[in-house]
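Biologist: Can you walk me through this one? I'd like to start with the ligand.

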Amino acid sequence: MTALEHGAPGRAARGRKVFTKAQCVKCHRFQNEGEPIGPDLSSARRHLQRKEIVESVVFPSAVISDRYRMIQVRTKEGAVYTGMPLPGAASDDKLVLFLSDARKLEIVKERIEEQTVSKVSLMPAGLLDALTSEEVADLFAFLETSKVNLPAVGTRNDLHQAQ
Ligand code: HEC
């Protein structure tokens, strides 16, 4: 199949399904869908070039803003958990961590032995590995369907050529 056979709107519509299939929807909002754990991607295209979006997905830990830092918690029992604290879900005696597999974990604060800041992103690396190159192209077409869509820059055709 060539890129010509798929109009961009068709790609974007299929990309929306890929957004769900590849778990993105569990941590990101895109327009009116998804969970607000990571940055809202509706306007990602406004401040990031496609190359930077691809890099964020392939190497999630390269750049992490302080707002999305994960912490690592070691309990008195010696169990170690890494996740992003959800302040809204916490209480005086409990901490709630959002884990990389999109599960939420409650930890009783009394059980915490040590708490450190993690250098790893909550966003798992390798999310695109499970997708076909067609699905990856669809996903990026979808991420570019913002209302304030800028003309695509530079690397636009890289993914098509990869097929
Ligand atoms: C388990 C949660 C999780 C999943 C699943 C996830 N992300 Fe993320 N993502 C994050 C977090 C947290 C950040 C912010 C920290 C960072 O940059 O690593 C982020 C950052 C990003 C960024 C950079 C945004 C910016 O404004 O800098 C992009 C782009 C992105 N994710 C796209 C995706 C796509 C596409 C998928 C699906 C293939 C996906 N993410 C799946 C949690 C997740």
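**Around the ligand**

Modeller: Helix α3 (residues 50-58) gives the most to the shell around the ligand, with three residues. Helices here are DSSP runs of H or I with at least four residues, strands are runs of E with at least two, and both are numbered from the N terminus. This is a predicted model: local features need pLDDT of at least 70, side-chain atom pairs count only at pLDDT 80 or more, and totals for chains, interfaces and linings use all residues. Residues are numbered from 1 along each chain as its sequence is written.

Biologist: Which residues come nearest to the ligand?

Modeller: C24, C27, G38, S121 and M123, out of 24 residues around the ligand. A residue is near if its C-beta atom, placed from the backbone, lies within 6 Å of the molecule.

Biologist: What classes of residue are in that shell?

Modeller: The shell has 17 nonpolar, six polar and one charged residues. Nonpolar covers Ala, Val, Leu, Ile, Met, Phe, Trp, Tyr, Cys and Pro; charged covers Asp, Glu, Lys and Arg; the others, Gly among them, are polar.

Biologist: Which domains does the shell draw from?

Modeller: Domain 1 (3-60 + 131-161) and domain 2 (66-117) each give at least three residues. The bounds come from an automatic or database domain assignment.

Biologist: Change of topic. How many helices and strands are in the protein chain?

Modeller: Five helices and seven strands. From the N terminus on, the order is α-β-β-α-α-β-β-β-β-β-α-α.

Biologist: And the sheet: what is the strand order?

Modeller: An open sheet of five strands runs β6-β5-β4-β3-β7, with antiparallel pairing. Its edge strands are β6 (104-108) and β7 (112-117), and each pairs on one side only. From one strand to the next, the twist averages 40 degrees. Two strands pair if DSSP finds at least two bridges between them.

Biologist: How many bridges join β3 to β4?

Modeller: Four, between β3 (residues 71-75) and β4 (residues 80-85). I71 has G83 as its bridge partner in β4, and V73 stands opposite Y81. The two strands form a hairpin with four residues between them, where G78 in the turn has a positive phi of about 95 degrees.

Biologist: What about β3 and β7? How many bridges there?

Modeller: Five, again in the antiparallel sense. Q72 stands opposite T116 in β7.

Biologist: And β5 with β6?

Modeller: Five bridges join β5 (residues 94-98) to β6. L95 has I107 as its bridge partner in β6. That hairpin has five residues between the strands, and A102 takes a positive phi near 70 degrees.

Biologist: Does β6 lie in the open or under cover, and why?

Modeller: β6 lies largely in the open, because the number buried among its five residues is zero. Buried means 20 or more other C-beta atoms within 10 Å of a residue's own, exposed means 12 or fewer, partly exposed is in between, and C-beta atoms are placed from the backbone.

Methods. Axes are lines fitted to C-alpha atoms, for helices over the stretch in contact, and angles run from 0 to 180 degrees between N-to-C directions.
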